[in-house]
Amino acid sequence: MNDVIIETSALRKYFPVKSGPFGKKLLLKAVDGVDLHIKRGETLGLAGESGCGKSTVGKLLMGLIPPSAGVVNFRGRALYGMGKEERSAFRKDVQMIFQDPFSSLNPRMRVGEIIGEPFAIHGLAAGARRREKVIELMAKIGLAEEHYYRYPHEFSGGQRQRIGIARALAVSPQLLIADEPVSALDLSIQAQIINLLMELKQEYRLSFLFITHDMSVIRHLSDRIAIMYLGKIVETGSRADVLDRFLHPYTEALLSAVPHPAPYASKQRIILRGDLPSPLNPPSGCPFHTRCPYAEQICRSEPPPLKEHEPDHLAACHFSTKLFR
Amino acid sequence: MNGIDFSLDEGETRAIVGESGCGKSVTAYSIMRLIASPGEIVGGEIIFAGTDLLRLTEEEMRRMRGNRISMIFQEPMTSLNPVLSVGNQVAEGLRLHRRLSRGEARAAAVEILGQVGIASPERRFDDYPHQMSGGMRQRVMIAMSLACRPQMLIADEPTTALDVTIQAQILELIDRLKEENRMGLILITHDLGVVAERSHKTAIMYAGKIVEYAPTLELFNNPLHPYTEGLLNSLPQNSRPGEPLKTIPGFVPNLIEQLPGCGFCDRCPVKCWECRESLPEMKEVGTGHMVRCWKFR
């Protein structure tokens, strides 16, 4: 297990929520027992609809919020048992790229300062040497030296996302957590940023957790994929396993819902009925049974375990084999 | 937005595709005459069923809006009135345009809410927008816009704020209602996938101008404008997983510094000598296939 860089086991995050002024306290189970791991140099794509808990997983792996239960291990060491120094090294090794390139950069700092700040925090380089390193990074992500003294508002969305990427790369991290890094960008800019991320991954031998709802982006970038629904992973496996040989009806529906940019490519579309159930009051049994076209009696009462159906291909459905093989 | 020519027949779907800030929403707002000051429609005409909308008085236009021409807005979160129950928002148009009584309008609104797939509509009638999910609110918006059976519907990014599984539901719903009402539909989106599956003709906009306009099948199979070609090539679906995507270099220009030439010339791989000097006209290249590029003259 040496090459596993980060892993979680039975990770849970519950948020207490009050309903109404006199309402009783409820628990919002944002992440409810998630096991996943990322190997060195690997990209794990984490997909699901809004509110499924995928961003919370990202925050837990970053150590931004403490889990309610379960563990996060970074290179074999428990994240919530680290001493101060180890913790600070962790903060250098794991970096994050945010979704919104407008609110994730300090509007009062110059670009050079934004990208240089991680060097200052971790005491890695100062003065002229810091400036030199920052300019080197800026060149790598496609910004010119003259941009050093500019402010974020002078840049377009795509350029700001590049600045965010440079800031994340400044301290040579091992793991990058990217939460919807291209969804706020225009189509023609998305492709540029996706290419940049892939190049940087090669060059720096980075591991990636790529969180997105966009199935075409995830297909392009991921080595392995995990699909989340209501705080649980419902299917995980290699890219080809999950996207082409899926074993869960939710994966099937999610893929089928994506409109294809090929005119009148007539395909049988599975239209899920209803909305995502409230995570405050999740359905009994299988969380997906309220929208699943194949649900039977057992699905309403028995939660299906996440079971290894084929080597490294896990799915949580009572009828995986019956439906898809 | 600048020099848009566009037409739509009964029961047909037209799509306008472009990136943020290219002027596609402004086109829609112009048709509805909803341009806010200091914006202004400085020229041209919008003919709807034989009448020029730009010559109508504000009063006449008000009778048109929500009645014969309707619009679905992008943000289901902000486009509904938060202090009015959703049922009353749907009924409002019916009382105003159809002069229905309070009771009749309520009955009609309940029926429409049911048609757009809201479960137990009598009960949901008195709900407020904040009690509903995004998909539900978008259904309410659709119910509102369709209440008076308009002849034309403009949908401005109707599903952009929604998850894919909900998007599929909503697009299917709009399609079905369009068939039933023989309604013309203008679909404004940045999602080429949404367009490919449901529009008859598609216009591609860039920097405030339509740069290409063609039957959708033709447009996808034979894109002529370098921007259209670049856009289609840059889709992840058109590359093998893990391979670099084909990109359009540079970034979207802002419309304030408008230059005389073609808005795309800084990013264009072709670039003829005229591009920077003057803007090409729309030219018909194949049957019904119009393109604005100096490559074709």
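Analyst: Strand 6 of chain A runs parallel to strand 7 of chain A (residues 175–179), with 4 bridges between them. Strands are DSSP runs of E, at least two residues long, and helices are runs of H or I of at least four, numbered from the N terminus; two strands pair if DSSP finds at least two bridges between them. This is a predicted model, in which local features need pLDDT of at least 70 and side-chain atom pairs pLDDT 80 or more, while totals for chains, interfaces and linings use all residues. Residues are numbered from 1 along each chain as its sequence is written, with chains lettered from A and ligands numbered from 1 in the order written.

User: Which residue stands opposite A:Gln95?

Analyst: That is A:Leu176, in strand 7 of chain A.

User: What is the strand order of the open sheet in chain A?

Analyst: The order of its 8 strands is 6-7-8-3-9-10-12-11, and the pairing is mixed. Strand 6 (94–97) and strand 11 (307–310) of chain A are the edge strands, each pairing on one side only.

User: Turning to chain B, how is it divided?

Analyst: Chain B has domain 1 (13–199) and domain 2 (226–291), with bounds from an automatic or database domain assignment. Their centres, taken over C-alpha atoms, are 31 Å apart.
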